[in-house]
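Subject: Structure for your files

Hello,

Here is the structure I said I would pass on. My notes on the packing follow below it.

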Amino acid sequence: MTGLLDHMRTHATPPRFLAALRALVRTDSLWLIALAAITGILAGCVVSAMTATTLLAHQLLAPGAGRLSGLKAIDPVRALLVPTLGGLLLGGVGTLLARNRRFTPIDPVEANALHGGRMSLRDSLLVAVQTVLSNGCGASLGLEAGFSQLGAAFGSRIGRQLRMHRADVRLLVGCGAAGAIGAAFDAPLAGAFYAFELIIGTYTLSALAPIALAAIAALGVVHATGMVTPSVLVSTPVRIPAVAYVPIAGLGIVAAFVGIALMRAVTLTEQAMRTLPLPEWLKPALGGLLVGLLALISPSVLSSGHMAMQMGLVSTPPLLLAAGLLGLKALASAISIGSGFRGGLFFASLYLGVLTGAVFAGVLAPIMALPVSVCSVVGMCALAVAVIGGPMTMIFLALETTGSLPLTSAVMVSAILSSMTVRRTFGYSFATWRFHLRGENIRSGVDVGWMRSLTVARMMRTEVPTLPATATVATARDTYPGATPRYIILRDAHRRYVGLIENTQLHARHYADTTPVTALVQTGDETLSPDTSLSCALDSFERTTRPALAVTNENGMVLGLLSERYVLRRYAEELERTRRELAGEKHKH
């Protein structure tokens with residue numbers, strides 16, 4: 001602290017102060033932990049502000065009520081009118097934002113995977129506003145997407161403002177998400193492992209202190225503001241018999257397929273909405289109307305379903321009612337996302353998991369008596385793992401929610417089986433499935449952006465030996481009599497690429513002097529584009545089995561040459577750099 005005060009006295013202007021703070025952060029990891037705490041506090045403020053705003057907005061649907069999904073009944077006029085008008089307003093806002101080319105929101109997973117943690121605070125704030133509007137008018141989605149988006153954006157902004165290392169910026173993004181999720185669920189351990197599993201993509205000892213402190217700091221803020229999630233008291237057994245783990249494992253697999261069906265349903269709903277002859281700005285209003293109609297059957301489909309989830313854990317509905325509510329909630333969530341509302345499926349998947357567990361317990365009852373509360377908690381976590389993709393996150397959420405070690409062991413079994421089933425049969429969580437539909441091959445927040453930043457243009461050799469395509473082997477041997485260069489590019493009269501030959505071929509005795517050099521060009525010859533990424537270049541080398549490839553522009557003009565050996569060396573160097581960063585050695589040379 002003394003060092004910081006000295007810097008503040010000697011660096012009065014803001015730019016110099018930032019430079020001094022940047023120097024302190026880079027030289028002492030304790031300052032990075034302090035920044036993580038600040039990020040957590042900001043994330044806690046985000047959770048408190050967004051929660052308070054949506055609870056206020058819920059008064060439009062049910063004056064005097066709290067969380068919408070806990071209602072027994074709802075006024076039909078309000079149920080139809082409020083979600084429809086909310087969707088209309090959201091559609092208008094979305095149309096305005098679509099005209100603004102600067103609005104390109106990047107979520108925390110994509111930011112850490114591809115952009116080194118770079119997120120726009122402005123875009124994230126707009127996403128948070130859209131999320132509040134969607135949840136506030138009753139759309140069947142949760143606030144957690146907005147929580148983590150804005151919390152992570154604060155971490156990104158702090159890191160970029162201080163021009164911190166790429167790994168540190170990514171860590172602060174994880175701190176913001178950890179604080180947001182930990183505060184939202186009153187579960188700091190779950191928030192921390194949400195960051196490790198989904199946002200950062202790996203667990204490291206060096207990241208434990210910043211992530212944990214951010215989650216705790218955010219939780220302190222929501223407790224101080226009174227916006228903490230109401231606690232759940234679940235009756236749990238003292239022990240779970242060994243034989244019960246067989247149906248518990250089966251429930252994990254069943255929950256996985258329910259989660260896959262939900263993700264598929266969202267995609268099908270989006271496709272159906274695109275085929276409707278309606279303007280884009282009107283589709284959220286249609287979605288709001290449909291959700292309102294479902295709310296007339298059961299208000300539990302409204303909003304995130306948090307209160308309905310708690311009621312389901314305390315007093316589990318019977319088989320037929322649970323099955324009906326499961327279908328209604330899944331349909332409402334799919335319609336909400338498919339029609340253009342903003343929000344996440346984390347909260348919704350928890351409620352759907354409780355209902356899945358209740359249905360499973362009802363079906364199992366004639367065969368084996370397993371406590372419904374156990375099935376509800378196990379189903380809740382298993383389905384959330386299928387949709388969100390973080391088994392350790394849900395294991396710790398179960399532990400922090402119930403405080404029961406035997407039940408947590410059961411959750412562990414179901415979570416692992418759910419994760420394995422989804423990975424083997426579907427291959428994606430909800431977030432990565434959305435990336436897949438956009439053409440992005442991202443499976444987690446692991447940093448793969450460096451592979452895309454290393455393009456062929458940055459790695460190719462621009463000074464390359466060439467020969468006219470009309471030359472003979474004798475002419476080529478006279479031009480290049482020695483063992484170097486290894487590769488020679490053939491060009492036509494207009495300097496366009498014709499082929500690539502190796503010097504060893506050129507001096508092979510079985511080629512006559514009069515043989516044209518084009519005869520030495522192997523079949524299946526390919527070229528690379530200068531903007532091709534490192535990963536695509538490696539694919540090209542593997543596909544063609546060529547040791548080197550020419551680089552050409554769109555007109556076929558030769559720009560340079562790239563060898564597979566050099567690409568592999570650069571790839572190994574970057575992998576080692578990434579490994580050192582994950583091990584906390586990023587500042588060592």
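I will start with helix 19, whose buried residues pack against helix 5 (108-114), helix 11 (245-275), helix 14 (319-338) and helix 16 (372-388). Helix 19 itself spans residues 430-437, and its buried residues are Phe430, Thr432, Trp433 and Phe435. Just after helix 19, Gly439 has a positive phi of about 95 degrees. Please keep in mind that this is a predicted model.

Overall

The chain contains 25 helices and 6 strands. Of its 589 residues, 52% count as buried. Along the principal axes, the C-alpha atoms fill a box of roughly 90 × 65 × 55 Å. When contacts between residues at least 6 apart in sequence are considered, 74% of them join residues at least 24 apart.

Cores

The largest nonpolar core has 115 residues, and the members that touch the most others are Phe185, Leu345 and Leu350. There is also a second, separate core of 24 residues, with Leu24, Trp31, Leu162 and Phe193 among them. As a general point, nonpolar side chains tend to be buried together in soluble globular proteins.

What does Leu345 touch, not counting residues up to four places away in sequence? Its partners are Leu141, Glu144, Leu262, Val266, Ser333, Ile337, Val387, Ile388 and Phe430. One of these, Phe430, is among the buried residues of helix 19. Leu262 and Val266 belong to helix 11, and Ile337 belongs to helix 14; these residues also take part in the contact of those two helices.

Helix 11 and helix 14

The axes of helix 11 and helix 14 are 8 Å apart, and the helices pack at an angle of about 45 degrees. That angle makes helix 11 oblique to helix 14. Their crossing is right-handed. Helix 11 contributes Leu262, Ala265, Val266, Thr269, Glu270 and Met273 to the contact, while helix 14 contributes Ala330, Ala334, Ile335, Ile337 and Gly338. By class, this contact has 8 nonpolar, 2 polar and 1 charged residues.

Helix 18 and its partners

Helix 18 (residues 405-425) packs with helix 17 (residues 391-402); their axes come within 9 Å and cross at roughly 160 degrees. Helix 17 and helix 18 are therefore roughly antiparallel, and their crossing is right-handed. On the helix 17 side the contact consists of Pro391, Met394, Ile395, Ala398, Leu399 and Thr402, and on the helix 18 side of Leu405, Leu407, Thr408, Val411, Met412, Ala415 and Ser419. These residues divide into 10 nonpolar, 3 polar and no charged.

Helix 16 also packs with helix 18, at an angle of about 35 degrees and with the axes 8 Å apart. This crossing is right-handed too. From helix 16 the contact takes Val374, Val377, Val378, Cys381, Ala382, Val385 and Ala386; from helix 18 it takes Leu407, Ala410, Val411, Ser414, Ala415, Ser418, Ser419 and Val422. The contact of helix 16 with helix 18 has 12 nonpolar, 3 polar and no charged residues.

Leaving out residues up to four places away in sequence, Ser418 touches Gly252, Ala256, Ala382, Val385 and Ala386.

Thr356 lies in helix 15 and counts as buried, at 4% relative accessibility. Apart from its neighbours within four places in sequence, Thr356 is in contact with Leu251, Val254, Ala255, Val258, Leu326 and Leu383. Thr356 and Thr421 are 65 residues apart in sequence, and their C-alpha atoms are 16 Å apart.

Ala358 is in helix 15 (residues 346-364) and is buried, with a relative accessible area of 4%. Not counting residues up to four places away in sequence, Ala358 touches Thr316, Pro317, Ala322 and Ser376. Leu313 is 45 residues away from Ala358 in sequence, at a C-alpha to C-alpha distance of 9.3 Å.

Regards

Definitions and conventions: Residues are numbered from 1 along each chain as its sequence is written. This is a predicted model: local features need pLDDT of at least 70, side-chain atom pairs count only at pLDDT 80 or more; totals for chains, interfaces and linings use all residues. Side-chain values use heavy atoms; hydrogens and water are left out. A nonpolar core is a set of buried Ala, Val, Leu, Ile, Met, Phe, Trp, Tyr and Cys residues joined through side-chain atoms within 4.5 Å. Buried means under 20% relative accessible area, exposed over 50%, partly exposed in between (1.4 Å probe, protein chains only). Contact means heavy atoms within 4.5 Å. Axes are lines fitted to C-alpha atoms, for helices over the stretch in contact, and angles run from 0 to 180 degrees between N-to-C directions. Helices (H or I, at least four residues) and strands (E, at least two) are DSSP runs, numbered from the N terminus. Angles under 35 degrees count as roughly parallel, over 145 as roughly antiparallel, 65 to 115 as roughly perpendicular and the rest as oblique. A crossing is left-handed if the near helix is turned anticlockwise from the far one by less than a right angle, and right-handed if clockwise. Ala, Val, Leu, Ile, Met, Phe, Trp, Tyr, Cys and Pro count as nonpolar, Asp, Glu, Lys and Arg as charged, and the others, Gly among them, as polar.
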